[in-house]
Amino acid sequence: MALDPQTMREPLEIKQQKRGDLVAEAIKRLITEGNLLPGDRLPREIELQQMFAVSKSTIREALKSLEVQGLIKVSTGPSGGGMVVEVPLERTFQLMQNYLFFKEVSIDDIYTVRQLLEPELAAGAVPHLTEDDFAALENNMSCCSPASHDRSELLRQRQADVDFHDILAAANPNSFLRFTCELVNEMIRQLIVFGNETPRKEHEKFGTANVNIHRQITDAARAGDVERVRSLMQFHMQEARTYIKRMNGKLRGRLILDSDIADMQQRVRSQSGAAASAPVKTARAPRKTAAKVAAKVATKAGVKARVKAVAKKAPAKPVATTRATPRKKG
C-alpha cells in the first residue's frame with residue numbers, strides 16, 4: 001500500500017519517557033540486581049539524587065510511581081524513605097478488576113476457569129497439608145454451617161466459604177497457580193451479588209451443599225487420596241455454578257475503589273487478629289521456611305554494598321540523555 005505523500009512530509013512524533021519514569025525504571029533495576037527483599041530499604045532521597053543526578057521532585061515522582069505499583073512503601077521523617085514491600089494481593093486484584101471492567105465477563109466465565117484450576121490446586125495441596133491446615137479447614141466448615149436465619153449472616157457465610165479454598169491454596173507449592181486461584185477467589189467474594197428476591201431457603205441449601213462437599217474433600221485429603229480430592233473439587237465447581245445461577249447471582253458492575261481495598265485489608269487484619277483463638281489462617285505462617293528467613297537476614301547485611309555496586313552500573317548520564325530523540329542512522 002502506497003504511503004500518503006502528505007503524511008510523509010509531516011514529522012513523526014516520537015514519544016519520550018518522562019525523567020521520573022526513567023528513574024523509576026532505574027530504581028527497579030537496583031531492586032532486581034541488588035536482590036532486595038521485602039523489608040529492605042532503598043537509599044535515602046538525597047543518595048538517590050546523587051546517584052542519578054536529578055532533582056528531589058524527580059526522585060519523589062519516581063518513588064510515588066513505584067509506590068502506586070505496590071513495589072515500595074514510602075514513609076516521611078528523618079528515618080523515612082522507600083522500603084521494598086511484597087505487592088499485596090488486594091492491589092493486584094484491583095488492577096485486574098479495573099481491566100475486566102471494560103470486558104464482558106460472566107459468572108459462567110469465572111466458573112469455567114475455576115473448574116479448570118481448583119481441582120488441580122486442591123490435588124496439589126494434599127501432600128503438603130499440615131495439622132494446622134486441617135484445623136483451619138475444620139474451623140471454616142463450622143463457621144459456614146448455615147444455622148443462622150439472618151440474611152446478612154447467610155451472605156457473609158457464602159463469602160467465607162471461599163476461605164476454604166484459600167486455605168488449600170496456601171498449602172499448594174505452585175506459587176503461580178496459588179496466586180491465580182486467590183485472585184479468582186477474591187473476585188467471587190467482592191463481585192458476585194444476589195438479588196433481594198433470592199429466597200433465604202436457597203441460601204441455606206447452597207450453604208449446606210458447600211459444607212457437605214468441603215467435608216468430603218477434607219476427609220479425602222486427610223486420607224491422602226489425591227484423585228478423590230481432584231474429583232470432588234471438580235464436582236464442587238459444577239455444583240456451585242448451578243446454585244449461583246439458580247439464585248440469580250450477578251457480577252457487580254463497578255470499579256473497585258481504594259475504600260474497598262481498605263475494607264479488604266481490614267478483613268485480612270481481622271482474620272489475622274483472630275488467629276490466636278481460631279487457627280483459620282495459621283496455615284500461611286509456616287510457609288516461610290527457616291532457610292528463607294536466614295537468607296533474608298544474611299542478605300540485609302550486604303544490601304547497602306550491593307545497591308552501591310549496582311548503582312555504579314547505572315550512572316546518572318544515561319538517565320538524562322535517553323530523553324533525547326534517537327538520531328536516524330544513514
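Helices (H or I, at least four residues) and strands (E, at least two) are DSSP runs, numbered from the N terminus.

**Entry 1: ground rules.** I am working with a predicted model, where local features need pLDDT of at least 70, side-chain atom pairs count only at pLDDT 80 or more, and totals for chains, interfaces and linings use all residues. I number residues from 1 along each chain as its sequence is written, and side-chain values use heavy atoms, with hydrogens and water left out.

**Entry 2: N185.** I looked up N185 and found it in helix α9 (residues 175-191). Is N185 buried or exposed? It is buried, with a relative accessible area of 0%; buried means under 20%, exposed over 50%, and partly exposed in between, using a 1.4 Å probe and protein chains only. Next I listed its contacts (heavy atoms within 4.5 Å). Setting aside neighbours within four places in sequence, N185 is in contact with R114, E118, V162, H165 and D166.

**Entry 3: the whole protein.** I counted 15 helices and four strands. Of the 330 residues, 39% are buried.

**Entry 4: α2 against α3.** Two packed helices are described by the angle between their axes and the distance between the axes. I found that the axes of helix α2 (residues 19-33) and α3 come within 12 Å and cross at roughly 105 degrees. Axes here are lines fitted to C-alpha atoms, for helices over the stretch in contact, and angles run from 0 to 180 degrees between N-to-C directions. The two helices are therefore roughly perpendicular to each other; that label covers 65 to 115 degrees, while under 35 is roughly parallel, over 145 roughly antiparallel and the rest oblique. Which residues meet here? V23, A26, I27 and L30 in α2 meet L48, M51 and F52 in α3.

**Entry 5: Q49.** I stayed with α3 (residues 45-52), which holds Q49. Q49 is buried, at 17% relative accessible area. Beyond its neighbours within four places in sequence, Q49 is in contact with V54, S55, K56 and I59.

**Entry 6: positive phi.** Most residues other than glycine have a negative phi. I noted N35, which is not a glycine, with a positive phi of about 55 degrees. N35 sits in the loop between α2 and α3 and is partly exposed at 46%. A53 is not a glycine either, and its phi is positive at about 50 degrees. I found A53 in the loop between α3 and α4 (56-68), and at 54% relative accessibility it counts as exposed.

Entry 7: What span should the 23 residues of helix α10 (residues 200-222) have? At 1.5 Å a residue, they should span 33 Å, and the end C-alpha atoms are 33 Å apart, which agrees. The expected span is 1.5 Å times one less than the number of residues. After α10 comes G224, with a positive phi near 75 degrees.

**Entry 8: cysteines.** I looked for disulfides (pairs of cysteine sulfur atoms within 2.5 Å) and found zero. C143 is in no disulfide, and its nearest cysteine sulfur, that of C144, is 6.4 Å away. C143 is partly exposed at 41%, whereas C144 is buried at 1%.
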